[in-house]
Amino acid sequence: MKPSSYTLLPQPRQMTELGGSFALPEKALIQINCAEPQALLFSARQFQAWMEQRSLGRWQIAASGFEPAAQIALCLILDPSSANGTPQGYRLLIQPEGITIWAPDAAGIFYGLTTLQQIMA
């Protein structure tokens with residue numbers, strides 16, 4: 001699917017399709033990677049519920065930093081320098097190994113997950 005064929009709201013500033021895909025496992029982990037994991041817990045739980053409601057999988061939330069990489073399907077990374085530090089910005093990468101969202105703030109993670117849900121729908 002070409003980036004222009006997606007209907008995404010809000011519309012990302014930039015979207016580049018790299019090719020490839022990620023097969024959704026039935027059971028996997030959503031890893032929260034930041035100093036204060038509770039800042040992303042609402043968004044992670046909302047995505048977790050969205051997955052379960054659509055029978056896409058039962059993914060658990062983890063934030064210890066010691067999760068086996070092979071079990072992580074989605075990694076949420078709060079990094080002030082990501083997305084050029086733009087508030088509410090995010091970078092979403094979908095690879096065969098998993099999905100990663102980087103953002104400088106919790107709002108960026110929320111919008112990144114919203115975009116991911118729209119791509120998956």
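How many salt bridges does the count come to, when a salt bridge is a side-chain nitrogen of Lys or Arg within 4 Å of a carboxyl oxygen of Asp or Glu? The structure is a predicted model, in which local features need pLDDT of at least 70 and side-chain atom pairs count only at pLDDT 80 or more, while totals for chains, interfaces and linings use all residues. Residues are numbered from 1 along each chain as its sequence is written, and side-chain values use heavy atoms, with hydrogens and water left out.

The count comes to one salt bridge. E52 is paired with R58, and their closest N and O atoms lie 3.6 Å apart. With buried meaning under 20% relative accessible area, exposed over 50% and partly exposed in between (1.4 Å probe, protein chains only), E52 is partly exposed at 32% and R58 is partly exposed at 46%.

Helices (H or I, at least four residues) and strands (E, at least two) are DSSP runs, numbered from the N terminus. Helix α2 comprises the 15 residues 106-120. Its expected span, 1.5 Å times one less than its number of residues, is 21 Å, in agreement with the 21 Å between its end C-alpha atoms. The buried residues of α2 include G108, I109, G112 and L113. Contact being defined as heavy atoms within 4.5 Å, the buried residues of α2 pack against α1 (38-53), β3 (72-78), β4 (91-95) and β5 (98-103).
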